[in-house]
Amino acid sequence: KYDKKPVEVTVKVEWTKGKGLTAVPSYNKEGEDTTNGIHFENFYEAGGKFTPIATKKLEGRVLTADQFEFKLYEKTDGKWGDEPIQTVRNNENEKGNIVFKPIEYNQSHIGKTYEYKMVEVKGNEAGYEYALEQYLIKVTVSQKKDKTDELEIVPEYYLLTKAEDGKETTGEPLDSTDKVI
């Protein structure tokens, strides 16, 4: 972003006998001391968004809008939050799209990886088996190589499992067709 403060320059022109014309500029920039000249400040603000998505599959019945609920948790300081950062339901079509609100990043996030956990909320409707799987989404934020003000945001989805010792583990990243809950 560019400095939007206007600068008023006043030039006082004087005639001095033997020297001729002299020009003495003075500057006025809103709210700033200009005795040592004008200073312009530009700001760099890179940004980008990531939208967590998945697909709900229902066998034996037609999937309807808002039939299933999903929660998204964020890992902070190595621990999953107690409360979800977002809760959504499947979209209004039989495709079962699960679309969370975009998560925004800025230049303070460059060089960092963020982790999110996506889970289905177990309902109590008779005859349904709810998905017990949990999915980990690792989001890496970096500066684009062309140095634009847009960040490179790379998500990787994993099936989250528990090892025998109770610790969470993942395998290889899932491809785009594997994000089915």
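How does Lys 75 count at 28% relative accessibility: buried, partly exposed or exposed? Lys 75 counts as partly exposed, where buried means under 20% relative accessible area, exposed means over 50% and partly exposed lies in between, with a 1.4 Å probe and protein chains only. The model on display is predicted: local features need pLDDT of at least 70, side-chain atom pairs count only at pLDDT 80 or more, and totals for chains, interfaces and linings use all residues. Residues are numbered from 1 along each chain as its sequence is written, and side-chain values use heavy atoms, with hydrogens and water left out.

**Stop 1**

The term denotes a side-chain nitrogen of Lys or Arg within 4 Å of a carboxyl oxygen of Asp or Glu. Strands (E, at least two residues) and helices (H or I, at least four) are DSSP runs numbered from the N terminus.

The whole structure holds six salt bridges. Select Glu 59 and Lys 57 for one of them, in which the closest N and O atoms are 3.7 Å apart. Glu 59 is exposed at 64% relative accessibility, and Lys 57 is exposed at 52%. Then select Glu 14 with Lys 12, whose side chains form a salt bridge of 3.2 Å, N to O. Glu 14 is partly exposed, at 33%.

**Stop 2**

Select residues 7–16, which are strand 1, and residues 20–29, which are strand 2; the two pair in the antiparallel sense over ten bridges. Strands count as paired if DSSP finds at least two bridges between them. Highlight Val 11 to find its bridge partner in strand 2, Pro 25. Three residues separate the strands of this hairpin, and Gly 18 takes a positive phi near 90 degrees.

Next, select Ile 38, in the loop between strand 2 and strand 3 (47–50). Ile 38 is partly exposed, with 27% relative accessibility. Apart from neighbours within four places in sequence, Ile 38 is in contact (heavy atoms within 4.5 Å) with Val 7, Tyr 27 and Lys 29. Ile 137 lies 99 residues from Ile 38 in sequence and 48 Å from it in space, C-alpha to C-alpha.

**Stop 2: the nonpolar cores**

Move to Ile 137, which is among the residues with the most contacts inside the largest nonpolar core, together with Tyr 105, Tyr 116, Met 118 and Val 139; this core has 25 residues. Such a core is a set of buried Ala, Val, Leu, Ile, Met, Phe, Trp, Tyr and Cys residues joined through side-chain atoms within 4.5 Å. Strand 5, strand 9 (103–106), strand 10, strand 11 and strand 12 (151–162) each give two or more residues to this core. Strand 11 provides the largest share, four residues.

Select Val 139 and display its contacts: among them are Phe 50, Tyr 105, Tyr 116, Ile 153 and Pro 155. A second, separate core has six residues, including Val 119, Leu 136, Tyr 158 and Leu 160.

**Stop 3: charges over rings**

A charge sits over a ring if NZ of Lys or CZ of Arg is within 6 Å of the ring centre and within 35 degrees of the ring normal. Then select Lys 117, whose charged end sits over the ring of Tyr 73, 6.0 Å from its centre.

**Stop 4: the aromatic cluster**

Finally, select Phe 68, Tyr 128 and Tyr 130, which form one aromatic cluster. Rings of Phe, Tyr and Trp (its six-membered ring) pair if their centres lie within 6.5 Å; planes under 30 degrees apart count as stacked, over 60 as edge-to-face and the rest as tilted. By this rule there are four aromatic pairs. The ring centres of Phe 68 and Tyr 128 are 5.9 Å apart and the planes stand at 75 degrees, so this pair is edge-to-face. Phe 68 lies in the loop between strand 4 (53–55) and strand 5 (69–76), and Tyr 128 in the loop between strand 10 (112–120) and strand 11 (134–143), so the pair ties together parts 60 residues apart in sequence. Phe 68 is buried at 2% relative accessibility, and Tyr 128 is buried at 15%.

Phe 68 and Tyr 130 also form an edge-to-face pair, at 5.8 Å centre to centre and 70 degrees between the planes. Tyr 130 is buried, with a relative accessible area of 13%.
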